[in-house]
Every structure is written in structure tokens, then in C-alpha cells.
Amino acid sequence: MRIKAPATSANLGAGFDVFGLALKEPYDLVEVTRIPEKNVRIKLVEGYEIPLEPEENTGGYVALRMIEDFDLPEGIELRIWKRIKPKSGLGSSAATAAAAAYALNKLFNLGLSREKLVEYAALGELISAGSPHPDNVASAIYGGFTMILSRNPLKIYAVDPPADLGVVIVLPVVEKASTKKAREILPKMIELERYVYNVGMAASLVAGMSLGNIEMIKEGMNDLVVEPIRAKAGIISEYEEVKELGRRLNAGIAVSGAGPAIIGVIEKERRKVLAKELERLYTSKGYRCRVYITEPGPGVSELEE
Ligand code: HSE
């Protein structure tokens, strides 16, 4: 079975651990085959380096747990074309985890619901980030824009983003602090004022996604709780400048997941301008960077051919 597993962008500003957006590009390819041993084999065919020990690989870990829980008679081999850079803030670990959960469900006819698949795939985040936060895996499984309403029991809502919503991702080449570290520095308590601001932002973004109003989405991509703390800790490069650029170009700008990638949303026909300006900003500061001009996309799916 050949699977396409999308990159995802979590948080989108105020939706820390709640919002996720599946992207059309980049994506990983994963070929999954049943093997007679009750085990998991992982092979990297091409692309970025990833752990190949099943217990250390997000997809391998998810597969091992599912083989055990469902007492499956066989195991699987995952052959991975890793195109989503690990530790980039683009849900690289979530993509492999989602592909593994999706494949096992299909290959062994488990009949699991999408929510159950998200629960399994989220286990992969435990080994990569130290917590089973399901925001990236939810959008990787469902596609489009997703919201985690509650984690226990897991409840997810998904909305199709507006058709003319364009997305630009800029990924500066920097040594990234681990997601685990980027989570450890966050406060346990926040001020009421910041909470009120963030609820307003999140409301605007959700309303914009549901009503097809891009202005409301852009306006809602702001956060006073998590992003400023990560920026101050040096985890997000050029944060203030990039936010200012968003205001100047009338684009929504947020940190993608725990960074270092930045996500910009703008009308599809204005994506190139935003991409150019973001690239110019980072290169003028001495960074090398990769830019993706993309859009919201579907969740993990089987390739037809
Ligand atoms: N919501 C998560 C975070 C996404 O910001 O830590 C990172 O995987």
C-alpha cells in the first residue's frame, strides 16, 4: 500500500494544542507491506534522516502498539520517502505516525474510527515531543482545518478551509530546540488578560474558517501566550520582524507548531508576494531558508496508482 502523508501546521496563533491545518505540500510517501514477523521494520528510501529503530520512530512506535493491542498475526514494513524535514514545525513526526495508523487499520481491516486513528497516531508524539498532543496528527488524519475539543475523551471537529485560502511556509535553516524543550519553558498559569485576547483570536480564526472569510482568519492568527515566550527564549528566529511583515502585507502570520517554520496565510493569488518578502527577510538576516507556496490539503490517503 502506498500512502501520502501531509505536512501539518499546528497552533495557527492562539490555538495551542488545539488547531491544526493539513497542507497540500510538502508530504511524505510511505510504502507499507505486511511481513510475517509480528514486528515493524523501517527503511528510509530517500530524504531526511529519521530514527530507524521501531521504538524510536514515531510510525514504528504507533505500529508496535497497534500490533500488540489488536494481537495482529503479522507485522509491517514501512519504506519512507521523508520529504518533511524533522524538527521543522511542520508535523514531520505526525505524518509518519498518521501513515502507520492509517495503514494498519486498512491492511488488517480493523475498522477503527478516525478519532481512534488520531489517538493511536498521537502516541507517536509521545516519543518525539514527550507528550501525546494530537493537534498535528488530527489534521494529518482528517485533512483541512481541525480543532481538538477535548483530549479525554478525544473529540475533534474538522472544517474545510475556504477554497481561495493560500498558505506560505518559510523554514529557516537553524538548529532547532526540541519540541520537548519548547514545551517545557511554557508557563502553567497565564494572566486573564492574555486569555481573553487569545479567546478572541481563536474565535475569529474559527469563524473565518467556517464562514470562508479570509480576513477573519488572518486577523485571528495572533497569540499572546505561547509564541512570545518561545520567541523570547530564542526558539523563533526574527519573530517580531516576521509579524510586522504580516501586518504590512495584510497576511496572517504565526509560528508553525513549535517552529522554526513560520506559516503565512493570504489570498491564493497573493501568495507569491508573501513568499518573496518572507524569503527576503530571512536571507537579509543571514539565514538560508526553504519556502513552500502551498494551500490546505487532504489528510493521509492511499495513492491510486
Ligand atoms: N502544539 C504543539 C506545540 C505542536 O506547539 O508544542 C508541536 O508539535
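Helices (H or I, at least four residues) and strands (E, at least two) are taken here as DSSP runs, numbered from the N terminus. The model is a predicted one, in which local features need pLDDT of at least 70 and side-chain atom pairs count only at pLDDT 80 or more, while totals for chains, interfaces and linings use all residues. Residues are numbered from 1 along each chain as its sequence is written, and side-chain values use heavy atoms, with hydrogens and water left out.

Two cis peptide bonds are described first. In the loop between β8 (252-255) and β9 (262-267) lies Pro-260, which is joined to Gly-259 by a cis peptide bond with an omega of about 5°. A cis peptide bond also joins Glu-25 and Pro-26, with an omega of about -5°, and Pro-26 has its place in strand β2 (residues 15-35). Strand β2 also contains Asp-17, a residue that has a positive phi of about 65° although it is not a glycine.

The chain is divided into domain 1 (2-160) and domain 2 (165-294), with bounds that come from an automatic or database domain assignment. The C-alpha centres of domain 1 and domain 2 lie 23 Å apart, and the contact (heavy atoms within 4.5 Å) takes 30 residues from domain 1 and 34 residues from domain 2. About 2300 Å² is buried between domain 1 and domain 2, with carbon and sulfur atoms giving 65% of this area; buried area is the accessible area (1.4 Å probe) that two parts lose on being put together, summed over both. Of the area that domain 1 buries against domain 2, Leu-12, Ala-14 and Phe-16 supply 20%, more than any other three residues.

Helix α2 (residues 92-107) packs against helix α4 (residues 135-142) at an angle of about 50°, with the two axes 9 Å apart; axes are lines fitted to C-alpha atoms, for helices over the stretch in contact, and angles run from 0 to 180 degrees between N-to-C directions. The helices α2 and α4 are therefore oblique to each other, given that angles under 35 degrees count as roughly parallel, over 145 as roughly antiparallel, 65 to 115 as roughly perpendicular and the rest as oblique. In this pairing, Ala-94, Ala-97 and Ala-98 of α2 meet Asn-136, Val-137, Ala-140 and Ile-141 of α4. The residues of the contact of α2 with α4 comprise 6 nonpolar, 1 polar and no charged, where Ala, Val, Leu, Ile, Met, Phe, Trp, Tyr, Cys and Pro count as nonpolar, Asp, Glu, Lys and Arg as charged, and the others, Gly among them, as polar.
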